[in-house]
Amino acid sequence: MFSLRLILPLAIACAVPATTSLAQDSTPPPKVMGSMAFDWNELAVHKTPTGESRKVCKAPTATLDELEIHVTTLNPGVLAHPPHQHPDEELLIIKEGTVEALVNGEWKRLGPGSVIFQASNVLHAIRNVGDTPATYHVIKWNSPGMLKKKAQ
């Protein structure tokens, strides 16, 4: 039979390292984003060399390490950035204007209401080929474990 004299010192010895390691990590975990509504008129507009952008959110959710949503407006005749690739997938929804998107090595011409899915690690880009500004919503996500892999 175990006596309290033996169990109590063992319990204290086990608890001290655990609380010490917890105290050393003073960075609180990021807050999980709950249900939200974002008013277009309240999103801050940031001027860029190619047009403007509006940050909607960039935060963990209940099922994702990170959800990022932003809205980009490209000036006529402008490429958002050179073709690139990244491990996270993204979805673009064209709000207004005419764009060409590099999808699977081909430039596809698209207008309002069109949707573009860019798969993980596939070269992609977008450019405004119209005479007016082109605005599109970008939705990117990092599934559980993706942010740690990207950081390595």
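This is a predicted model: local features need pLDDT of at least 70, side-chain atom pairs count only at pLDDT 80 or more; totals for chains, interfaces and linings use all residues.
The ground rules come first. Local features need pLDDT of at least 70 and side-chain atom pairs count only at pLDDT 80 or more, while totals for chains, interfaces and linings use all residues. Residues are numbered from 1 along each chain as its sequence is written, and side-chain values use heavy atoms, with hydrogens and water left out.

On the overall layout, the protein chain has two helices and nine strands; these are DSSP runs numbered from the N terminus, with helices being H or I of at least four residues and strands being E of at least two. Read from the N terminus, the order of elements is α-β-β-β-β-β-β-β-β-β-α. Of the 152 residues in the chain, 32% count as buried, where buried means under 20% relative accessible area, exposed means over 50% and partly exposed falls in between, using a 1.4 Å probe on protein chains only.

Six of the strands make an open sheet in the order S1-S2-S3-S9-S4-S7, with antiparallel pairing; two strands are taken to pair if DSSP finds at least two bridges between them. Strand S1 (45–48) and S7 sit at the edges, each pairing on one side only. From one strand to the next, the twist averages 25°, with axes being lines fitted to C-alpha atoms (for helices, over the stretch in contact) and angles running from 0 to 180 degrees between N-to-C directions.

Within this sheet, S9 (residues 134–142) pairs with S3 (residues 66–74) in the antiparallel sense over nine bridges. Glutamate 66 has asparagine 142 of S9 as its bridge partner. S9 also pairs with S4 (residues 89–96), again antiparallel, over seven bridges, and here isoleucine 94 stands opposite tyrosine 136. S4 in turn is joined to S7 by four bridges, the two strands running antiparallel. Leucine 91 stands opposite phenylalanine 117 of S7.

Threonine 72 is a residue of S3. Threonine 72 counts as buried because its relative accessibility is 12%. Neighbours within four places in sequence aside, threonine 72 is in contact with Glu52, Ser53, Ala134, Thr135 and Tyr136.

The other open sheet has three strands in the order S6-S5-S8, with antiparallel pairing. S6 and S8 are its edge strands, each pairing on one side only, and the twist from one strand to the next averages 25° here. S5 and S8 pair in the antiparallel sense over four bridges, with asparagine 128 in S8 as the bridge partner of valine 99.

Next comes the largest pocket. It holds about 220 Å³ of space. A pocket here is an open set of points on a 1 Å grid over the protein atoms alone, where a 1.4 Å probe fits and protein lies on both sides within 12 Å along at least five of seven lines; lining residues have an atom within 4 Å of a point. Grid points are joined across faces, edges and corners, and the volume is the space filled by probe spheres set on the points. The lining has 17 residues, and those closest to the pocket centre are His70, His81, His84, Glu90 and Val138. At least two lining residues come from each of S3, S4, S7 (115–118), S8 (125–128) and S9, and S9 gives the most, with three. By type, the lining splits into eight nonpolar, seven polar and two charged residues; Ala, Val, Leu, Ile, Met, Phe, Trp, Tyr, Cys and Pro count as nonpolar, Asp, Glu, Lys and Arg as charged, and the others, Gly among them, as polar.

Finally, some loop residues. Asparagine 104, in the loop between S5 (99–103) and S6 (106–110), has a phi near 55°, a positive value in a residue other than glycine. Asparagine 104 counts as exposed because its relative accessibility is 64%. Asparagine 121 lies in the loop between S7 and S8 and has a positive phi of about 60°, although it is not a glycine. At 46% relative accessibility, asparagine 121 counts as partly exposed. Alanine 119 is in the loop between S7 and S8 and, at 29%, counts as partly exposed. Alanine 119 and proline 87 are 32 residues apart in sequence, with their C-alpha atoms 8.3 Å apart in space.

How values were computed
Contact means heavy atoms within 4.5 Å.
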